[in-house]
Amino acid sequence: MRKLKKSAPVWVEIDLKRLRNNLQVITGHLEPETQILAVLKSNAYGHGSVQIALELQRNGIAYFAVARLEEALELRRAGIKGQILLFEPIFPEQMEMVVENHVIPSVVGMKSAELLVGRLRQLRRKIKIHLKIDSGMGGPGLLPEDCREMARFLKQQKRLEIDGVYTHLTSDYRGDSEAVRSQLEQFRQAMIIMEQEEIHVPHIHVASSLAIFTLPETHYNMVRPGISLYGIPPKEGLGLPLQPVMQVKSRILYVKELHANESIGTYGSKFTASHRMQYAVVTVGYGDAFFLLTTRQGSVLVRGRRASMISQSRMNQILIDVTHISDVSEGDEVVLIGEQGMESITAEDATKAAGIPSINCESVCLINPKVPRYFLGSRQEWKRNSGAQPAVDELETAATDYGNG
Ligand SMILES: Cc1ncc(COP(=O)(O)O)c(C=O)c1O
């Protein structure tokens, strides 16, 4: 496996020790009885959902969330035993898979609830569900004014067992506390109806990463961290000791000279050297790291120094200016996201350079799933009888073992 990494043109390193650190940072902001529902959607934000889930499971996490059924089935096949919530509602024809694999779908409206109950009657089975309330964000979700009808419907049947009620806060609340106050009030109204209708709700959850750190009143008895688990702060300036879990690396393929006034170009973008310079061809492109497609002013790290991209990314290559870096040679490691020497490029830096106007994590989600992921620092399971501290093993495992590499 080490050989594979040495010969890979581009790869991702996932540091599971850092994942454990981030889990501790999150836990440190919670009351002891608050449970964590770890968000693993989109291949755990590009990190590799199976390995991330296995590590979280070894560290006591028993609730996971993904968007779609296929993602949940992948986790079950890999041996994830905990509860798995689907954020998206399911179609009635997916019910058998849901039942067989003990997956918890979100119920978002009366019509879909009735369809699900109909299918469960045919199968003579029952399932757990979480009720998703639309408190103002729009998209799938039950409006608070429809909660009483839903509560009464749920009480009358035995096929859908309510395991949780939740809502998602609009990301506008990063700068708009009025919107979040209104959402929280809507959600509170929905929970009052549940109580009046004597519906027991074991899990109530509202907070994703930003609210975990900034709005303790939203914690209820469960929280849903995503981005912060992966070490990316949900907002600048929070001063949290989160550590980025992912590094994206490649290698130098070729080093070349360029004379003053000489031009090189890629699909319509042309670079003309103003002085004699040296540039390197790096064996990574937008076909590997999709965010490079829109990156215009990106830089990478070589021999601990920053090197700027000198033209638009090609599908499998970028060109970088290495004139100022001595002894650059073919095979040298190049860091696109991560650290080298004293320098670092964060996921936020890469996302900004790609001009993605967004929630700072897109660059980590935008790595081709075929790029191999290497997992470092996996913690071995506690030895049941010895009572010893878990051994920290610098195991490296390629995600290809799980078919997502
Ligand atoms: C419903 C829901 N809850 C929680 C999260 C996690 O959010 P964050 O990554 O900001 O922690 C997401 C992610 O988009 C989500 O869709």
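Axes here are lines fitted to C-alpha atoms, for helices over the stretch in contact, and angles run from 0 to 180 degrees between N-to-C directions. The structure is a predicted model.

**Exercise 1. Describe how helix α4 packs against helix α5, and classify the angle between them.**

Solution. 
- Step 1: Locate the elements. Helix α4 covers residues 49–58 and helix α5 covers residues 69–77.
- Step 2: Take the geometry. The two axes come within 10 Å and cross at roughly 55°.
- Step 3: Apply the cut-offs. Angles under 35 degrees count as roughly parallel, and 65 to 115 as roughly perpendicular. α4 and α5 are therefore oblique to each other.
- Step 4: Assign the hand. The crossing of α4 past α5 is right-handed.
- Step 5: List the residues that meet. α4 contributes S49, V50 and A53, while α5 contributes E71, E74 and L75. By class, this contact has 3 nonpolar, 1 polar and 2 charged residues.

**Exercise 2. Carry out the description for helix α8 and helix α9.**

Solution. 
- Step 1: Helix α8 spans residues 147–156, and helix α9 spans residues 177–196.
- Step 2: Their axes are 9 Å apart and the packing angle is about 35°.
- Step 3: α8 and α9 cross in a right-handed sense.
- Step 4: On the α8 side the contact is made by C147, R148 and A151; on the α9 side it is made by A190, I193 and M194. The classes are 5 nonpolar, no polar and 1 charged residues.

**Exercise 3. Is V39 buried or exposed, and which residues does V39 contact beyond its sequence neighbours?**

Solution. 
- Step 1: V39 belongs to strand β2, residues 35–39.
- Step 2: Count the surroundings. A residue is buried if 20 or more other C-beta atoms lie within 10 Å of its own. V39 has 23 such atoms and is therefore buried.
- Step 3: Leaving aside neighbours within four places in sequence, V39 is in contact with A65, R224, P225 and G226.

**Exercise 4. Find the loop positions of E198 and Y220, and compare their phi values with the general rule.**

Solution. 
- Step 1: Most residues other than glycine have a negative phi.
- Step 2: E198 has a positive phi, near 55°. Its place is in the loop between α9 and β9 (203–205). With 8 other C-beta atoms within 10 Å, E198 is exposed.
- Step 3: Y220 also has a positive phi, near 40°. Y220 sits in the loop between α10 (209–214) and β10 (222–223). With 19 other C-beta atoms within 10 Å, Y220 is partly exposed.

Note on methods
Residues are numbered from 1 along each chain as its sequence is written. This is a predicted model: local features need pLDDT of at least 70, side-chain atom pairs count only at pLDDT 80 or more; totals for chains, interfaces and linings use all residues. Helices (H or I, at least four residues) and strands (E, at least two) are DSSP runs, numbered from the N terminus. Angles under 35 degrees count as roughly parallel, over 145 as roughly antiparallel, 65 to 115 as roughly perpendicular and the rest as oblique. A crossing is left-handed if the near helix is turned anticlockwise from the far one by less than a right angle, and right-handed if clockwise. Two residues are in contact if their C-beta atoms, placed from the backbone, lie within 7 Å. Ala, Val, Leu, Ile, Met, Phe, Trp, Tyr, Cys and Pro count as nonpolar, Asp, Glu, Lys and Arg as charged, and the others, Gly among them, as polar. A residue is buried if 20 or more other C-beta atoms lie within 10 Å of its own, exposed if 12 or fewer, and partly exposed in between; C-beta atoms are placed from the backbone.
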